[in-house]
Amino acid sequence: MAQSLAPYIAFPGTTAEAFEHWHDVFGGERTLMLYRDFPMEGMPFEPDPESVAHVTLTLPAGVLAGGDAMEDGNEYAVRGTAYSLLYTTDTPEEAREYIQRLRGGGGAVGMPFETAPWGGWY
């Protein structure tokens, strides 16, 4: 297997929805495994069988991965911290199309898409 590095994001029970939306926007190949798909003997915790154990979205530009966070009484990091995905396109027009599709699924624009101080679009 070739080496690779993928961002892994744990969502508070909404991983399936997030990755379905990203698949709708970006395309690619999505694989999703629920805990019910695995033998539960020997698990160090008791997950909800309908929780996402692991999901990947393989795109020409790379791979995103994630799973549902297990409830342990702690605040989910995704709720209290900033996180983002950097997706590079060939043209600003293509990027604008992706932005519109992400917004159409309930996303919000945190900063305008414009020429950045370093000269590229961001």
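**Briefing: an aromatic cluster and its surroundings**

Phe11, Phe19 and Trp22 form one aromatic cluster. The model is predicted, so local features are reported only at pLDDT of at least 70 and side-chain atom pairs only at pLDDT 80 or more, whereas totals for chains, interfaces and linings use all residues. Residues are numbered from 1 along each chain as its sequence is written, and side-chain values use heavy atoms, leaving out hydrogens and water.

**Overall architecture**

- The protein has three helices and four strands; helices (H or I, at least four residues) and strands (E, at least two) are DSSP runs, numbered from the N terminus.
- Along the sequence, these elements follow the pattern β-α-β-β-β-α-α.
- Of the 122 residues in the protein, 25% are buried; buried means under 20% relative accessible area, exposed means over 50%, and partly exposed lies in between (1.4 Å probe, protein chains only).
- The accessible surface comes to about 8,700 Å², with 53% of it belonging to carbon and sulfur atoms; areas come from the Shrake-Rupley method with a 1.4 Å probe, and for residues only the protein chains shown count as cover.
- Among contacts with a separation of 6 or more, 50% are between residues 24 or more positions apart, where contact means heavy atoms within 4.5 Å.

**Aromatic residues and the nonpolar core**

- Four aromatic pairs are found in the whole structure; rings of Phe, Tyr and Trp (its six-membered ring) pair if their centres lie within 6.5 Å, and planes under 30 degrees apart count as stacked, over 60 as edge-to-face and the rest as tilted.
- Phe19 and Trp22 form an edge-to-face pair, with 5.1 Å centre to centre and 65 degrees between the planes.
- Because Phe19 and Trp22 are three residues apart in helix α1 (residues 15-26), about one helical turn separates them; both residues are buried.
- The largest nonpolar core has 14 residues, and those with the most contacts inside it are Phe11, Phe19, Trp22, Phe26, Leu57 and Leu64; such a core is a set of buried Ala, Val, Leu, Ile, Met, Phe, Trp, Tyr and Cys residues joined through side-chain atoms within 4.5 Å.
- Two or more residues of this core come from each of β1, α1 and β3, and α1 gives the largest share, five residues.
- Elsewhere, Arg96 lies over the face of Trp121, at 4.9 Å from the ring centre; the criterion is NZ of Lys or CZ of Arg within 6 Å of the ring centre and within 35 degrees of the ring normal.

**Strand β4 and its partners**

- Strand β4 (residues 62-68) is mostly covered, with five of its seven residues buried.
- Strand β1 (residues 8-11) pairs with β4 in the parallel sense over four bridges; pairing requires that DSSP find at least two bridges between the strands.
- Phe11 stands opposite Asp68 in β4.
- Strand β3 (residues 52-59) runs antiparallel to β4 and is joined to it by five bridges; Thr58 has Val63 in β4 as its bridge partner.
- A hairpin of two residues connects β3 to β4.

- Leu32 lies in strand β2 and counts as partly exposed, at 32% relative accessibility.
- The C-alpha atoms of Leu32 and Ala16 are separated by 7.8 Å, although these residues are 16 residues apart along the chain.
- Beyond its neighbours within four places in sequence, Leu32 is in contact with Ala16, Val52, His54 and Val55.
- Ser51, in the loop between β2 (29-34) and β3, is buried with a relative accessible area of 13%.
- Not counting residues up to four places away in sequence, Ser51 touches Met33, Leu34, Tyr35, Asp68 and Met70.
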